[in-house]
Amino acid sequence: MSEEIQTEYETEGVEKKFMFLNRKAPYGTIYALEMLETVLISAAFDQDVTLVFMDDGVYQLKKGCDTKAVNMKNFSATYKALGDYDISRLFVEKESMDARGLTIDDLVEVIFEDEDDDWAEKPAVHVKSRDEIARLMEEQDVIISA
Amino acid sequence: MAAYEVNGKSIEHDEEGYLEDIGEWSLDLAKIIAKEENLEMTDEHWDVINYLREYYDEYQIAPAVRVLVKAIKKKFGPEKGNNKYLYELFPYGPAKQACKIAGLPKPTGCV
Amino acid sequence: MLHLVNKSPFERGAFESCLNMARKGSAILLIEDGVYAALKNTPFEDKVSAAVKDIRICVLGPDLAARGVDQVIEGVEVVDYGGFVDLTVDHTPVQSWL
């Protein structure tokens, strides 16, 4: 993306449904960070974007991450910016949360402004059942997975 | 490796002028980078620089231009929250040029 | 939709996550080390046998041959590269379980 192509020149063309499916824990491999960067870049193209977190991917949204002592970039903070990028759906699989003893209170808060509701601030992170996610997956045009 | 000279100290930067270690940033350094970019810094420039640094501190990324525009609009009003205003302040791009002066990495997805 | 699995079920949870997510009418194609999930006498056999009633489960023949295995669970379809292409053409979207 070059800086010259910005908001005033919206990407023309078809809006597709994109799902970014995250299944890896955040700091042990590079997958989670690479995916997050892909999501941030894709946000410039005004597509219908859903993020899903399942299996160890649910750990990506764990709050309270402090990477100072391991000398890594703390990109957990970056998920909180996704609302600014008009990403309004981060779905976390309930079964994966349960298996890891996590509840929504353990996860970072992501807030977005709802364009269709007078820019009201709303939470973007939601817990969804395996069934709901499976159904949603079938409706996608593109699934990007790591 | 190329470096900026600030108060007798060498601070390394990459081939495009972005800091190797963002922790090395200081106001004096920002002034030196701005000078190299041929920018006459005003309060309006510093508002943007400070905003970028606050954003990075909170989210660990430099915001995309449209995110910056939206945020500036919210904070300083619509006459400042637009592309034209930001490009007038930073002719080589609010993201690229302002981030460099703010000591941040180049925004993700920016070529 | 089509699910692609290329990792051994003994090494990772990808295959089981995939089985959990695959809905009636969708297809799963096992390739590379994923083909081990198609074999008899593993802890996964019962699940696979149950799943083939609702889901089309295929396995790539050349990858089976390369690994010297051929005892495929009943109901699992062995396909060649042409069959691989047909599956990707007939099903959207495609999800690769890494």
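In the predicted model, the contact between chain C and chain A draws on 11 residues from chain C and 14 residues from chain A. On the chain C side, α1 (14–21) and β5 (94–97) each contribute at least two of the residues that touch chain A. By residue class, the side of chain C that touches chain A consists of 5 nonpolar, 5 polar and 1 charged residues.

Chain B and chain C are not joined by any contact. The closest C-alpha atoms of chain B and chain C are 24 Å apart.

Chain C contains 4 helices and 5 strands. Along the sequence these elements follow the pattern β-α-β-α-β-α-β-α-β. The radius of gyration of chain C is 12 Å, close to the 13 Å given by the globule rule for 98 residues, so chain C is as compact as a globular protein of that length. Taken along the principal axes, the C-alpha atoms of chain C fill a box of roughly 30 × 25 × 25 Å. Of the 98 residues in chain C, 36% are buried. Among the contacts in chain C with a separation of 6 or more, 69% are accounted for by residues 24 or more positions apart.

The strands of chain C form an open sheet of 5 strands with parallel pairing, in the order β4-β3-β2-β1-β5. The edges of the sheet are taken by β4 (77–79) and β5 of chain C; each has a single partner strand, so one side of each is left without a neighbour in the sheet. On average, and with direction ignored, neighbouring strands of this sheet are turned by 25 degrees against each other. The edge strand β5 of chain C is also one of the elements that supply at least two residues to the side touching chain A.

At the other edge of the sheet, β4 of chain C runs parallel to strand β3 (residues 56–60) of chain C, to which β4 is joined by 3 bridges. Within this pairing, C:Val59 stands opposite C:Val78 in β4 of chain C.

Methods: Residues are numbered from 1 along each chain as its sequence is written. Chains are lettered from A and ligands numbered from 1 in the order in which they are written. This is a predicted model: local features need pLDDT of at least 70, side-chain atom pairs count only at pLDDT 80 or more; totals for chains, interfaces and linings use all residues. Two residues are in contact if their C-beta atoms, placed from the backbone, lie within 7 Å. Ala, Val, Leu, Ile, Met, Phe, Trp, Tyr, Cys and Pro count as nonpolar, Asp, Glu, Lys and Arg as charged, and the others, Gly among them, as polar. The radius of gyration is taken over C-alpha atoms; the globule rule is 2.2 Å times the number of residues to the power 0.38. A residue is buried if 20 or more other C-beta atoms lie within 10 Å of its own, exposed if 12 or fewer, and partly exposed in between; C-beta atoms are placed from the backbone. Two strands pair if DSSP finds at least two bridges between them. Axes are lines fitted to C-alpha atoms, for helices over the stretch in contact, and angles run from 0 to 180 degrees between N-to-C directions.
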